[in-house]
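Welcome, and please open your viewer for a short walk through this structure. We will go from stop to stop, selecting a few residues each time.

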Amino acid sequence: MQRDTLVFDLIKQELERQRRGIELIASENFTSLQVMQAMGGVMTNKYAEGYPGRRYYGGCEIVDQTEQLAIDRLKQIFNIEYANVQPHSGAQANAALMLSILQPGDAILGLDLSMGGHLTHGSPVNFSGKLYRPHFYTVTKEKGLIDYEMLESKAREIKPKLIICGASAYSRDIDYKRIRKVADEVGAFVMADIAHPAGLIAKGLLSSPFEHCQFVTSTTHKTLRGPRGGVIMMGKDFENPFGLKDVKGNIRMMSNLIDMAVFPGTQGGPLEHVIAAKAIAFGEILTDEYTVYAKQVQSNAQAMAKAFVNRGYKIISDGTDNHLMLIDLRNKNISGKKAEQVLGHADITANKNMVPYDDKSAFVTSGIRFGVPAITTRGMKEDHMEFVVNAVDTVLMNADDANTLSKVKSQVNEFMSQFILYPELG
Ligand SMILES: *Cc1c(COP(=O)(O)O)cnc(C)c1O
C-alpha cells in the first residue's frame, strides 16, 4: 500500500506545533515515547471483549497479561482493591459507573458546569443530564470555593442517588469527608471524578478520595500523563446494594456490576493497544522520577499563580492547590474568547473558560484556564514561570497590536527550543 504522505505530513506539522509552542491547556500533557509506541502497535489489531482470563475471543493470552499489568499497577499506585482500565475515555468511565448504580430518572447532584464542573456531571446536553435527573451545587461568589453548605442542603432536599464531586476548572482541594457525611445521611453514593488532579493525588500531594468516595473515575491522559483514556476505581470492593445475584445464587460484588457496565453495558471490544500504553504509563507513575514531576507540577502552578497575581490578575479562589488556575479577565478588559485567540497568535495555547457567575456566554466567557502539566513535562521549573506569565501578559495587554504579538511569538519559539520534545522523532 502507498504511504499516506498527506496524513503523515499533517502529523509532522502537529509535532512541530507542539514543539514550538507553550502548552497551557490544563488537561493536556506529553506522554513518553514508549507510551506512544504502545498505542501505535499491533495490539490495536486484537479483539478482546471480556476481561483477562474470561474473554469472548481466542488468542487473548498476551493481551490478558498487558491488561492485568495495567490493572495491578493502577491498584498499586492508589493502594486500592479494584480497577477497571477499559473505559475509552473519562466520559465513558463516568457513563459506565452511572449505569452500574443508577436507573433512568434517578436524581444526581454535581458541580455546575459553569462553576468548574464537567459535562458528564449532569449537563442537559450530555447523557448524564438526559438519562438522569440532574441537580447542581455551585462555588461561593465571594471566595470561589465549593459551597458545601449548598451541597448539603440540596442533598437533603432532593435525596440524590449519587453525589458527584471533582471538576475540570477548580484549583482547590476537595473535602471528600464532608461530602460523604451528607451522602450517608441521605442514602447517596459518592463518586469522585479525579480526571484532572489524579497525578497529584497519586503522590499524596492532594487529599485522597478513596477512603470517602465509594467510586473514583479518572482520565489517564491529563496529569497521569498516559494515553488518552479512562479508568474506574474503588478503594474497597463491596457487595452490590441491589441484591443482584449471579447464576449460582451468590450475591454479586460491586466490582462485578461495574465490569458489566463497562462491557457489555457501554462498550464493545477494549482498546488493548491503549491499555498496553496505560500499563506503561502506570509503571512510569510508580517511579521516583514521576514523584519529582508531580511535585514540580504543583510548585510550578504556585509560581505561575503568584506571577499572575503580581500583575494584577484575579485568580478564582485566589490561588491554587493543584496544577491549574482559572483567571477572571474582567478587570483586564478582554474576553476569554479573545484571549484564547490572541494567545494562539503567539503560539501559546490555552482555553477560554466560564468563570463562576459569568455574565458572558460559554462561547465568549470572561475567563481563561491555565495549567502546567504539559510545560512541566517539557522541563520547566519555577523560574521559567516568569517568562511564561510575562509572555501571556504582554499578549493580553497588546491584544490588537499585531507587531507585539508576532514579537512575542518569536520569543516563545526561541524559548521553547531549549526544551527538547521527542528528540527520537527527528
Ligand atoms: C476531562 C474530564 C472528563 C472527560 O474526559 P474525556 O476523556 O475527555 O472524555 C471527565 N471528567 C472531568 C472532571 C474531566 O475534567
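**Around the ligand**

Begin by selecting Gly90, Ala91, Ser168, Asp193 and Lys222, which come nearest to the ligand among the 13 residues around it. Keep in mind as you look that this is a predicted model.

Now zoom in on the contacts. At glycine 90, a polar backbone atom is 2.9 Å from an oxygen atom of the ligand. Move to serine 168, where an N or O atom of the side chain is 2.8 Å from a ligand oxygen atom. Then find aspartate 193: one of its polar side-chain atoms lies 2.5 Å from a nitrogen atom of the ligand. On its own the ligand has 390 Å² of accessible area, and the protein covers 85% of it.

Next, color helix α4, residues 90–101, which gives the most to the shell around the ligand, with 3 residues. By class, that shell has 8 polar, 3 nonpolar and 2 charged residues.

**Two cavities**

A search of the whole structure finds 2 cavities of 30 Å³ or more. To reach it, select Tyr170, Arg172, Ile174, Pro197 and Asn322, the closest to its centre of the 18 lining residues. Where does the largest cavity lie? Domain 1 (34–285) and domain 2 (295–420) both give residues to its lining, so the largest cavity lies between them.

For the last stop, select residues that line the second largest cavity, including Met115, Val139, Ile316 and Pro356. This cavity has a volume of about 70 Å³, and its lining divides into 7 nonpolar, 3 polar and 1 charged residues.

Notes: Residues numbered from 1 in each chain as written. Predicted model: local features only at pLDDT ≥ 70, side-chain atom pairs only at ≥ 80, totals over all residues. Heavy atoms only, no water. 1 Å grid on protein atoms, 1.4 Å probe; cavity = no way out; pocket = protein on both sides within 12 Å on 5 of 7 lines; lining within 4 Å. Points joined across faces, edges and corners; volume = space filled by probe spheres on them. Domains from an automatic or database assignment. Nonpolar A, V, L, I, M, F, W, Y, C, P; charged D, E, K, R; others polar. Near = heavy atom within 4 Å. Polar contact = N/O pair within 3.5 Å; in protein donor to acceptor, adjacent residues only side chain to side chain. Areas by Shrake-Rupley, 256 points an atom, 1.4 Å probe, with all protein chains shown as cover. Helix = DSSP H or I, 4+ residues; strand = E, 2+ residues; numbered from the N terminus.
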